[in-house]
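Thanks for asking for a second pair of eyes on this one. Here are my notes, as numbered points to read next to the model.

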Amino acid sequence: MHRYKFVLYRPIQFLPVLFGISVVTFVLVRLIPGDPARVLLGARATPTAIANIRRQYGLDEPMWLQYFYFVKNLFNGEMGKSILYKIDVLKLIMTRIEPTLVLVLTSVVLSVLIAVPMAALAARNHGRFADHAVRVVSTAGIGFPPFWLGLMLIILFSVNLGLLPVSGYGETLGDKIAHLVLPSLTIALSLSTVLTRSLRAAMVEGLRSDVATAARARGMPESVVFWRHVVPNSMVPTINLLAINIGWLIGGTVVIESVFAIPGIGQLLVRAIFSRDYMVVQGVAMVLACATVLINLIADIVTVAADPRVKL
Amino acid sequence: AGVLTIGRREDSTTFDPIKTAQNIDFWVFSNVYDVLIRVDKTGKVLEPGLAESWTVSDDGLTYTFKLRDAKFSDGSPITAEDAAFSLLRIRDDEGSLWSDSYQVIDTATQGDDARTLVVKLKTLSAPFLASLAMPGASILSKAGLESMGADAYAENPIASGAFTLKEWRRGDRVILEKNPNFWQADRVSLDGVEWISVPDDNTRMLNVQAGQLDAALFVPFSRVAELKKDPELVVTQDTSTREDHLLINHEHGPLAKKEVREALDMAIDKQAIVDTVTFGLGEVANSYIPKGALYHDDNALQRPYDPEKAKQMLADAGASDLTLNYVVNAGNEVDEQIAVLLQQQLAKAGVTANLQKVDPSQSWDMLIAGDYDLSVMYWTYDVIDPDQKTTFVLGHDSNMNYMTRYKNDKVKQLVADARIEMDPAKREAMYMEIQKTAKADVHWIDLYYSPFINVTRKNIENFYQNPLGRFFLEDTVKN
Amino acid sequence: MSAPVLSVTDLSVTLALPAGEARRLLDKVSLDLGKGEVLGLVGESGSGKSLFCRTLVRLLPSPNMRIAGGRIMLGERDLAKASEAEMLSVRGGRIGMIFQNPTSHLDPVMSIGDQLVEGIRYHQGLDARAARKAAIEILRQVGFPEPERRFDAFPHEFSGGMRQRAMIGVALSCNPEILIADEPTTALDVTIQAQILQLLMDIRRERGLSIILITHDLGIVAQTCDRIAVMREGRLVEEGEKRALLRSPTHLYTKALIGSHPSMPSPSQDEGAAVPAPDPVAAGARPLLEVDDVNVRFAGAGSLFGGSSGAVHAVAGVSLKIMPGETVGIVGESGSGKSTLARAILGLTPIASGNVSFDGTSRCDDPAAFLKRLRHETAMVFQDPYNALNPRLPIGEMLAEVLRVQGRTPPAEIPARVGELLDLVDLGREFAGRRPRSMSGGQCQRAGIARALAVEPRLIIADESTAALDVTIQAQILDLFRVLKRKMNLTLLFIAHDLAIVRNLCDRVVVMHRGRIVEQGASARLFEHPAEAYTQALIRAIPDIDPDKPLLPQAAREVA
Amino acid sequence: MSAGALGTRRMGWRQRLGRQPVLAIGATVLIAFVLAALLAPYIAPYDPIVQNADIRLQGPSWAHPFGTDNFGRDVLSRVIWGARIDLQIAILGVVFPFIIGTLVGTVAGFFGGVVDALFMRLIDVILAFPFLVLVLSIIAILGPGLSSFYIAMALVGWVSYARLIRAQVLVLKNSDYAVAAVSLGFSRWRIMFRHLLPNAIAGSVVFSMSDAVLVLLNGAAISYLGLGVQPPIAEWGIMVAEGQPFITTAWWITLFPGLSIVLLAFGFSLFGDALGDALGVKE
Ligand SMILES: Nc1ncnc2c1ncn2[C@@H]1O[C@H](COP(=O)(O)OP(=O)(O)OP(=O)(O)O)[C@@H](O)[C@H]1O
Ligand SMILES: Nc1ncnc2c1ncn2[C@@H]1O[C@H](COP(=O)(O)OP(=O)(O)OP(=O)(O)O)[C@@H](O)[C@H]1O
Ligand SMILES: [Mg+2]
Ligand SMILES: [Mg+2]
């Protein structure tokens, strides 16, 4: 049982990380030239109106004081008020986070569903045609810009075939799934190539490993050797790769969210950056950081569960 | 009947009309809130809104409005108190982005009865009535706002317009439903409207093509011809007050010379921009007051495209081999296209334009700091009166004439005078004068006017946007 | 011999080379295995022993290999021609395999119980419940004390010896008639080795198994087998009844093999025994190396989060004196702290307390000077020949770098000196351009020794530098050490768990157990009259090449 | 890797190419791109930035095999010239992160303790921050342009390399040959950079090949979001992004630069596989 003890200690380890992220985001957003007040006012901005807004949002205070308030608010579970949307940042994030999380989740599941059979096919036919074919296909998958790929999928499946909704995020569960098929597929097509490569390598290695030889020597048919011995042993490195990639994905889904009009946190973040909505950028960064930390933790738990040798 | 679904680039940010300056918000406000005085479909005439009539005192300082028998969506009557509250709020509220524009109001009070509103001005103001039509001056429920608080109201507004907010899925869509208490409720055919955010232009069009949206705003110029071919779709091009123009920093070296600016104007082939960038859908601009808007000077000076002459003029002005810093708004495909085009055109006149692509909120700072030579910007009217734009562009206010640093005291005086000139004929003459002088000074370079281009499914009727961008969804029919 | 259960005739295996020609790896090998018989298969490294066994179940290690001819008759069936489907029932079910390295052959992410159950269900068709019972029975049979509890354990939770037992259990789970054991004890120390061999013999008796036992240790063969087959370069060079073959080997190679077995007194050993080494301490000379009450602890695995599992006390209060020119052996079972002590002495592992002094310079008094002298006057030869060499660096460059850093040799003379060093360890000069990966274990080990010599040290610590090698190469390396000692007046600290080697080489022996020194003394005396029970047990566990000095089964248990 | 390593392998290289046609293809693709980049002024049929209003949005034809774009520029010529920028992006966008990551990873892994803890926490911070957003912010701070892009990539991209290298160094520093190097009196820097790094680096080199493609795509994504390289530069990512409005009417504007990215990706990953083999990484 105590192999899982790290679950208790990990959050403490990540306190400094969260602190670091709070500093980095705080400084970073303020370094970007441009002023939220001016963005808000647009072309009609006058110096007095700008000063007024800066005062309202405390932007005229010294930096360190602003940071102090930010941290103080964090401890109270608040993240300030969005300059653009005029509501509490946490509330804003909560309304936007679900689509992104679900999108990431379905993409990951889909990637795995694509990657495992592809990698299996390639590994079991190592050096033969199927292997080369998988390599070619998976390289192509990584090479197409997702905004282009996404559009092509829309044109094919939604406009020409009329099978799936063009864009947006549904309301009911079934509706949501239908809406998420294409965006997830777009992400999965590129994510799965990374996974396929890593899995394939691990599987090829696994098929040559002593464990596989030993299983064969016990008279196990090739399918048993592969699925019961090679596959479980190939999973661990891929889990970690996946964890890092999910980290990248969350918030990196901006482009997909934009193409498919998914009201997620990525779009929120990019709009916040472009409109210098400091509080939102800070808040989203903190939430995403927590999500990443959580995902790493889950990845570690899965790793520990998948490989009894691992101690953390 | 039915619910109209409209795709647009971004979702609303708030329903508090005084706290935003963004068109995406304004255009929805017009569906949800009514104003005292409205702008009609042509965008040139004011017509009664919640105020069924009004009178002006002889000194021109006191306005008395007669409100009609109308109700908020919660069933309470719309009173002069609500109207006064709304006007004072946009003037005084700490969060108001518009208080400057409404400082002219001295007092706003209830008159003899609950349906009489009396507004006293500090000074004469020709654009005052027009400013009441601005969505920022929408009429809110005083009781509602005070009991709910501004923040809650902004998320769950009590409507005075044709529709009420049924649900707002932030970042995704605003769902409106018909307001049965609207005073013109029988005019409204739709059961509701959904404003849906679809940021990607292609996706938005494909949504309409696939029949998943009834309408989509901002059809890219490049897509118009193609969409027009689709028998299921109707592409509408409604006259707008949008004008795209090239700002010039008058304080930068040779640009201070009028001849140099003139040469630049002649080096630019506006027709080529219209053809290439707008695919012929726009129209070459000759004045900063858009075509079809009040006091637009149809005969304003149009400098011919003549790169050779431009080159010569530059040489004469001692500005051969001019190198200019051209700030481009990143992420705006039209801006970027114009930049690429202008760069090549200017090169023909021997001018080197170094494109500097920066994110729009940053480019604004650079313009203010004077850290630029050229930059393309555009302006769409919020009010029908030319005063707003004129003040900003030529009125020598705190924004250095739209950051061009253009200085001409005669123009400055004219702008101020026109603001308080109540005789339309005289005022028109003054605006003609302003346009002529500014154009002669090359305060900036007018590029083109472009229409609002939207697309709807064939079964949608009366989907119309007036030159200020307001949608008349109360007339729209979904078959 | 009763009727053979397995009869191999003229079996040949070829390897297709890229250039198009084929190399013959097995050349017409013919061999019979009788029922209930234990056949010992010996031969030098690379002679084809493992390949032969894998060919029997048609699991060739490379896709470029193929059976070029011959028959493998299992009963009526020719396995060389059987279909892949038929082979599935042969593998495991008729012929079971035990591999040399259980760590890599057991599935690390599957519990031992499940690995057993898999074979039982597949080959014996039992249902889950019955299979579990059978698996627990097998665990008991292979000597797990609490089989029910161990059922859910994973391989990494076992010691090396237990893993090898588990591996045997997994082979048994398929209920085979023939068991092939490929060097089942090479990686284990003598006491565990004795246990495992005993276990195999017990199982053979209980189940009536036939066993092919591959080994490079003739002692093991002598103790356990009925018949011996000797391989060399893919051919079967000699075969016969154990005693007869050991007594009168006909083939030259077999003779050399028997002659080089460490338990045979060697000529130089005879001299050494005849003239007892002077008692160095009594001679009053100053010791070269002095180890004083050294302790080394390692943090336990769980301690990162607060130290729930205890620290390992790897070296506990060890004191030792070594005189110049002396050869001292350190022996003890695996994990007794030998390597750790060596590293602690050389400052390669932090020590918790205690002191080390080298030729009068003390670690406590002047750490910097102490380390400086150590780095220039001592060298270590590492246990694992492959891992101790930088895989990217050609041997010549590696030696040259050491010479440059040590700075004793003028740069111009470095190439010549490299050549000399290679000569010294009997590697050809052409090895200067070779990388470790292209060299055999023995060659790497010699390169490692050459690197140590490049330092021109006064003290060499050799950590189990022969464990991974087969006997013939082992003998060559030991000879090299003897010669070097004589030529260069080296002081040698020789670590091994193979007592036979130590007995041959060292003047003095130190016995370690659980981080402590339990006994030390002149090697001749210590091996004749071990005082401690632990030492006695260790010595008794050495398999002797004389089949009439039987391995004592209880020797193993005493130690465990 | 040293010249010797190449030398001893040269024989096997040819044969391997012969046996693995895919590898041969990969090498050919990369060489073709490099040649296209070098010879762009000579082989591109037209000037990549000169506009011609008369031939706007023309589909592929003999005169313009890849068609023309909305300014009447020849897409083929732009694709050829784009190879210059894109190879530069792919290489520089990887080289700096590679160098920084390698240094940090080696030092952190080798010294451990406080140094390691500090760097690891810094890496955690950067990893926890959405990658694209970080790059976007840095570019916004520095102003769009290629050099900002490189700086942003270097500031953010090194973490992957640092992690990869550190993990390797952590294992290798306990290997016998590292301990042996200590026992021979070698200095820390010699051990780190001469003995550990060359053995730790292979995985990163292979990763860098796929990273190069990811860098290109990040560039394209940033253009799509509005902050890419400056127009009128011909760069594939920005060409794809700029061609978006015409995707349904003039597909050739986006397709050909898009295919070029795919093809380059292909070349890099196949080359990466080959390099991996040569450096002795097991797949
Ligand atoms: N995968 C392989 N590819 C090519 N050749 C191989 C392969 N495996 C083994 N060989 C070669 O086959 C021959 C026989 O090897 P084998 O493993 O049977 O030797 P062995 O007698 O078991 O030696 P050891 O005592 O070292 O285990 C050797 O020459 C070896 O180089
Ligand atoms: N780096 C380490 N971290 C934790 N424990 C260690 C470490 N190195 C050695 N140990 C432990 O210290 C003890 C002594 O190990 P050491 O390697 O010295 O044994 P040894 O006598 O050399 O064994 P062998 O004969 O197997 O080489 C063992 O229990 C081992 O598990
Ligand atoms: Mg072998
Ligand atoms: Mg050891």
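1. A definition to begin with: a salt bridge here is a side-chain nitrogen of Lys or Arg within 4 Å of a carboxyl oxygen of Asp or Glu. By that rule, chain A and chain D share 0 salt bridges. Polar contacts (pairs of N or O atoms within 3.5 Å; within protein, one must be able to donate a hydrogen and the other to accept it, and residues adjacent in sequence count only if both atoms are side-chain atoms) come to 1 residue pair across this interface, with both residues at pLDDT 80 or more.

2. Some bookkeeping. This is a predicted model, where local features need pLDDT of at least 70 and side-chain atom pairs count only at pLDDT 80 or more, while totals for chains, interfaces and linings use all residues. Residues are numbered from 1 along each chain as its sequence is written, chains are lettered from A and ligands numbered from 1 in the order in which they are written, and side-chain values use heavy atoms, with hydrogens and water left out.

3. How much area do chain A and chain D bury between them? The figure is about 4,200 Å², with 77% of it on carbon and sulfur atoms; buried area is the accessible area (1.4 Å probe) that two parts lose on being put together, summed over both. On the side of chain A, the residues losing the most area to chain D are Phe147(A), Trp148(A) and Trp248(A), together 16% of what that side buries. The contact (heavy atoms within 4.5 Å) draws on 48 residues of chain A and 44 residues of chain D.

4. Which element gives the largest share of chain A's side of that contact? H1(A) does, with 10 residues. By class, this side holds 33 nonpolar, 11 polar and 4 charged residues, where Ala, Val, Leu, Ile, Met, Phe, Trp, Tyr, Cys and Pro count as nonpolar, Asp, Glu, Lys and Arg as charged, and the others, Gly among them, as polar.

5. On to ligand 1, which has 14 residues around it (a heavy atom within 4 Å). The closest are Ser45(C), Gly46(C), Lys49(C), Ser50(C) and Leu51(C). Oxygen atoms of ligand 1 are 2.9 Å from a polar backbone atom of Gly48(C) and 3.2 Å from a side-chain N or O atom of Glu183(C). Taken alone, ligand 1 exposes 640 Å², and the protein buries 65% of that (Shrake-Rupley method with a 1.4 Å probe). Its shell has 5 nonpolar, 6 polar and 3 charged residues, and helix H1 (residues 49-56) of chain C gives the largest share, 3 residues.

6. Ligand 2 also has 14 residues around it, the closest being Ser334(C), Gly335(C), Lys338(C), Ser339(C) and Thr340(C). An oxygen atom of ligand 2 is 2.6 Å from a side-chain N or O atom of Ser339(C), and a backbone N or O atom of Lys338(C) lies 2.8 Å from an oxygen atom of this ligand. The protein covers 62% of the 630 Å² of accessible area that ligand 2 has on its own. Strand E12 (312-322) and helix H13 (338-345) of chain C each supply at least two shell residues. The shell divides into 3 nonpolar, 8 polar and 3 charged residues.

Methods. Helix = DSSP H or I, 4+ residues; strand = E, 2+ residues; numbered from the N terminus.
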